[in-house]
Amino acid sequence: MIKLRAPLFITRHVLFALVAGGLGGVVFMFFLLEFDHFTSSNEFCLSCHSMTYADDFYQRSPHYNSPSGVRASCGDCHVSEGIIMATYDHAVGTKDLIKQLFGPDYDDPVVNTLHLPEAAFAARDWFRKRDSATCKRCHAQEAIMGTRANTAAIHTEDAQGKTCVDCHINLVHRQVPERQTFKRDAWNAMVEEEFGLEPGAAAAIMAGE
Amino acid sequence: MKHPMLFLVLLAAATLAQAAKVTLDPSEWGHPEGENCVSCHAKASPGLTEQWRHSAHQQAGVNCMDCHQADPADVDAITHEGQVIATIVSPKDCGRCHQTELEEQTGSVHAEAHLIISERVPALAHNLTGPAMQAAGCDQCHGSRVEVRGDGSLDPATWPNSGIGRINPDGSKGSCSSCHGRHAFSKAQAREPDACVRCHSGPDSPDKEVFEASKHGMIYKAQREAMNLGADTWIAGQHYTAAPTCVTCHMGAAGKIPSTHDVGMRNAWSLNTPVSVQQYLVVFEDGDKLELPADQDPPKRGSELTKADGSIGIVKVVAGPDRRRQIMSMVCLECHAKNFTTSFMDQFDAVVELYNGKFGEPASAIMQVLYQNGLLTPLPFDEPLEFTYWELWHDEGARARHGAAMASPNHAWWEGMYLVGRNFYSRFLPRARAVAGDAASELIDPVLAQTNQHEWLASPDAANPILGWSPPVESDGASDAGSGANEAAAGAEEAETSNADAADAADSAQEESKADAANSDGGADD
């Protein structure tokens, strides 16, 4: 009869550490899940004042008010699925927090709007790099029927090899041109007109920070 | 004058003879991305795709990207499904292939249609109504100044727009699709009189209606199938003879006269002005054009002149009104005899001169004198008389002149000069007198006295049964009695009678006008 025997190095202490570590790991996983969940919520994102400008447009978009009652939160679109990638996104996202604390005064609506294009470009890059994975959490390309006659055909025939954000941009937040055709001078002029600033003021604000 | 213009005609003819239909080499069109556009747009916007599918562009292999491609640096460039494009295809874009047409169109009254009225627009569209009317009204014919916003979108106050003098983001002026409906760009469609109706209709320039009410329009309608509208080249007298359309006379090829996309080139007169003037057509070195009144000395070739947009240009060629008329007449000669043509033009000129001398010039002079004496405020359209004057020349007067120019008797008379006369005598003069008040005899009567055409007013006893009243014929006995005394008195007062009558007429008109003005004021206050 073979008697099961723990190897000699499994001492009582080691055993205790393993159990404690295992339990700790599980607790940590639950913590991350809760952490990701919390940090993906609109409440958390909007706790920074600078995010309320993004919220203005979001609240007027169909992603906030969809006829079906489905509402996409900040994290649904901007945080990857899965505990590892979600945690990674949040870790990388801390750079936004650092910029919020030590960078330009994004709480100022003028500064915020002036910097919006770069944020939009970065967000689009993020979506493209992930093949619009967060869009696909809800939207299945093969299931898109649309209300117009040929919407389904376009999404099966013409959208091949494309990712959602190749065509669908400016859906939720304020309209920003694509990087390729973006013109900083025109954007600055628009902001100056919108906020009643002197011509050239926008460039000065951008340079001063 | 003669030689420069001859040069212009020869130059135009030579250009036409040499120019291929399009200037861009076919290897340059047929953009590889075009098929992808069509595949998606056939589903997303099947109407426009289908129009293109049946177009000459499609048959030549010209696709969406050939016209819509843009440089990322272009003001209105957008990224669309990975391609850099512009929504607006400007004359400059069309001119990549259709270079001759672009050059002709540049500087024409069509291309300048926005600038021509840009100073007038605030009075009507902004004060009288509201800015919304500029986008939906004025600019839809005259063209908008398209604004590209910082976020890349086209300002909805300025777009959509296919007005013919549209100022495009690339700086070019005009809109080819104003006449050449997109996306079929059919030759036949642009040759139809209906191609002009969107703008050349209504009270001020009812050219569609004028044409339809003319013999030309009647015959066109009856023999439309003989018009050969879809012909590749379309020369009057050669490819069709049934009737002319707007295009035929104003820009079409006829006999030896080449076609032109400068639609105003053959117009000797300005007809949409308070007083018509004959005009020089000045062509600048850079292709821009300018019209100048022919009562001044013509600018010299090579001299510098301020263009419509305020910049300085160097004069290349000047065409006088006679030469412009001559070219127009040569179109007529394809179907009409020379005397017939000349006499028709004489009839037309006589109407314009009648309008000018009897109504346009006096009305304009009276308005000037009222403004100069502070009896009218400089602000337009805050006084009833200003509407009266505006409608006199801008609507009724223009209709009369257009009617005569295009041989619609109804528009020349009932829709035109009859209304000018009615307005002038029954509204304009009484109102002007009311505005002038006690100064009327000093400010207004001398203006009227400058022409003898208003002298008929001084004979109020001249009877005519048109309104159902002629004084009863007096019996012989009655007229004999006391005739000696009457004759003596008549002889003595003969010279004064007409003056007294004129004064009476003026007084009664003034009283009437005061009542009229009082009513109007009351109405305005309401």
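Mentor: Begin with a definition: two strands pair if DSSP finds at least two bridges between them. Keep in mind that this is a predicted model.

Trainee: In which sense do β5 and β6 of chain B pair, and over how many bridges?

Mentor: The general idea is that strands of a sheet pair through backbone hydrogen bonds, either parallel or antiparallel. In this case, strand β5 (residues 279-284) and strand β6 (residues 289-293) of chain B are antiparallel, with five bridges. As an example of residues facing each other, B:Leu281 is opposite B:Glu291 in β6(B).

Trainee: What lies between β5(B) and β6(B) in their hairpin?

Mentor: Four residues separate the two strands, and B:Gly287 in this hairpin takes a positive phi near 95°.

Trainee: What is the strand order of the sheet in chain B?

Mentor: The order is β6-β5-β8-β7, in an open sheet of four strands with antiparallel pairing. The edges are β6 and β7 (304-306) of chain B, each of which pairs on one side only. On average, neighbouring strands of the sheet are turned by 55° against each other, direction ignored.

Trainee: How many bridges join β5(B) to β8(B)?

Mentor: There are four bridges, again in the antiparallel sense. Across this pairing, B:Val283 has B:Val317 in β8(B) as its bridge partner.

Trainee: And how many bridges join β7(B) to β8 of chain B?

Mentor: Three bridges link β7(B) with strand β8 (residues 312-319) of chain B, and the two run antiparallel. B:Thr306 is opposite B:Ile312 in β8(B), while B:Glu304 has B:Ile314 as its bridge partner there. These two strands also form a hairpin, with five residues between them, and B:Gly310 in the turn has a positive phi of about 95°.

Trainee: How do side chains sit on a strand in general?

Mentor: In a regular strand the side chains alternate between the two faces of the sheet.

Trainee: Which helix lies across β5, β6 and β8 of chain B?

Mentor: That is helix α15 (residues 321-332) of chain B, which runs at about 90° to β5(B).

Trainee: Let us turn to the two chains. How many residues does each give to the contact?

Mentor: Chain A gives 19 residues and chain B gives 18 residues. Together the chains bury about 1500 Å² between them, with 52% of that on carbon and sulfur atoms. Of the area that chain A buries against chain B, 31% comes from A:Gln180, A:Thr181 and A:Lys183, more than from any other three residues.

Trainee: How should I read the salt bridges between the chains?

Mentor: Side chains of opposite charge can pair when their charged atoms come close. Here the count between chain A and chain B is three salt bridges. One of them joins the side chains of A:Lys162 and B:Glu81, at 3.9 Å from N to O; the cut-off for a salt bridge is 4 Å. There are also eight residue pairs in polar contact between chain A and chain B, both residues at pLDDT 80 or more.

Trainee: Which elements of chain A give two or more residues to the side that touches chain B?

Mentor: They are α7 (151-158), α8 (164-167) and α9 (184-195) of chain A. The most comes from α7(A), with four residues. By class, this side of chain A has eight nonpolar, four polar and seven charged residues.

Trainee: How many salt bridges does the structure hold over all chains?

Mentor: The total is 25. Among them is the one between the side chains of A:Arg128 and A:Asp166, at 3.0 Å from N to O. This pair links distant parts of the chain: A:Arg128 is in helix α6 (residues 109-129) of chain A, and A:Asp166 is in helix α8 of chain A, 38 residues apart.

Trainee: Last, the backbone. What kind of peptide bond joins B:Trp159 and B:Pro160?

Mentor: It is a cis peptide bond, with omega about 10°. B:Pro160 is in the loop between α10 (132-142) and α11 (187-191) of chain B. Another cis peptide bond joins B:Arg182 and B:His183, with omega about 5°, and B:His183 lies in the loop between α10 and α11 of chain B.

Trainee: What about the phi of A:Asn170?

Mentor: A:Asn170 has a positive phi of about 55° although it is not a glycine. A:Asn170 is in the loop between α8 and α9 of chain A.

Notes
Residues numbered from 1 in each chain as written. Chains lettered and ligands numbered in written order. Predicted model: local features only at pLDDT ≥ 70, side-chain atom pairs only at ≥ 80, totals over all residues. Heavy atoms only, no water. Contact = heavy atoms within 4.5 Å. Buried area = accessible area lost by both parts, 1.4 Å probe. Polar contact = N/O pair within 3.5 Å; in protein donor to acceptor, adjacent residues only side chain to side chain. Nonpolar A, V, L, I, M, F, W, Y, C, P; charged D, E, K, R; others polar. Axes fitted to C-alpha atoms, helices over the stretch in contact; angles between N-to-C directions.
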